[in-house]
Amino acid sequence: MPRSYFTQELQQLRDDILIMASMVYQQLTDAVTALRTSNLDLAGRVIAQDMEINRRRFTLEDQTLTIIATQAPMAGDMRFLAGALEIISELERIGDYGKGISRIVLMLGVDSGLVMPPRLGEMADKALSMLRRSVTAFIAGDVESARAIPMEDDDVDALYNQANQELVEMIVENPKMTGLANLYSWAAHNIERTADRSTNICERTIYMVTGEMRELDREEEALSGL
């Protein structure tokens, strides 16, 4: 096949990944909004939408593997396609986090009596920003941004710890709220993992452009082995 057709296939794949990323971003945004506002209807829609994200994952994986099998890509193009497979999987998992948060919203109900910790909202805003910019960096091949974004994961981790501390204080004040507080803690965990997966996307972006594979912002994991 002519090179121009191969170039079109790669661009179509970039466009399709961007569409999936936009859906996942909206999924997580809606889930956080539902958590903030106890919007059960919105939470239900997020859960239903997850099936479409799963379908797109398998479609894009098949699309990527077909390009690899039929075009025999080399060097940078092959790294892009390998990175695409990883990022498609990362996005699907982030979509699952949105679904998980939405299920928590349904479990909390409308009048749980326990408000969302303020730090959890701040953490969600930062994690969503990391997700949006990490995908933009991948599509643009922006190594500088891909190196900078993971540095913000420490801020998300700090907010995660603060949110859990707020929940502990709520439990101390009213032990009957322990079950509800645990639900919020799981929601916070899902948001924290979103930031981690955004870091993974940045790692793949750097590999795609430079051929350099290295883990970013893994100091905490390294210390945990001491």
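Biologist: What does D96 form a salt bridge with, and how far apart are the closest N and O atoms?
Modeller: This is a predicted model, to be clear. In it, D96 pairs with K99, and the closest N and O atoms are 4.0 Å apart.

Biologist: Where do D96 and K99 lie?
Modeller: Both are in helix α3. They sit three residues apart, about one turn of the helix.

Biologist: Are they buried or exposed?
Modeller: D96 is buried, and K99 is buried too.

Biologist: Which residues are linked with them in a network of salt bridges?
Modeller: D50 and R93 join D96 and K99 in that network.

Biologist: How many salt bridges in the whole structure?
Modeller: The search finds 14.

Biologist: Give me another. What does E152 meet in a salt bridge?
Modeller: R133. The side chains come to 2.6 Å, N to O.

Biologist: Which parts of the chain does that pair link?
Modeller: Distant ones. E152 is in the loop between α5 and α6, while R133 is in helix α4. The two are 19 residues apart.

Biologist: Why does E152 count as buried?
Modeller: Because its relative accessibility is 18%, and the cut-off for buried is under 20%.

Biologist: And R133, buried or partly exposed?
Modeller: R133 has a relative accessible area of 24%, so it is partly exposed.

Biologist: Over to α7. What does D196 meet there?
Modeller: R193, in a salt bridge of 2.8 Å, N to O. D196 and R193 are three residues apart in helix α7, so about one helical turn separates them.

Biologist: Which of those two is buried, and which is partly exposed?
Modeller: D196 is buried, at 15% relative accessible area. R193 is at 26%, so it counts as partly exposed.

Biologist: Change of topic. How many residues are in the largest nonpolar core?
Modeller: It has 64. L35, L91 and L120 have the most contacts inside it.

Biologist: Which elements give two or more residues to this core?
Modeller: α1 (3-37), α2 (40-71), α3 (75-108), α4 (118-140), α5 (143-148), α6 (153-173) and α7 (178-210).

Biologist: Which one gives the most?
Modeller: α1, with 13 residues.

Biologist: Back to L35. What is it in contact with, leaving aside neighbours within four places in sequence?
Modeller: L35 is in contact with I101, I104, V105 and L108, and also with M116 and L120. Y184 and A187 complete the list for L35.

Notes. Residues are numbered from 1 along each chain as its sequence is written. This is a predicted model: local features need pLDDT of at least 70, side-chain atom pairs count only at pLDDT 80 or more; totals for chains, interfaces and linings use all residues. Side-chain values use heavy atoms; hydrogens and water are left out. A nonpolar core is a set of buried Ala, Val, Leu, Ile, Met, Phe, Trp, Tyr and Cys residues joined through side-chain atoms within 4.5 Å. Buried means under 20% relative accessible area, exposed over 50%, partly exposed in between (1.4 Å probe, protein chains only). Helices (H or I, at least four residues) and strands (E, at least two) are DSSP runs, numbered from the N terminus. Contact means heavy atoms within 4.5 Å.
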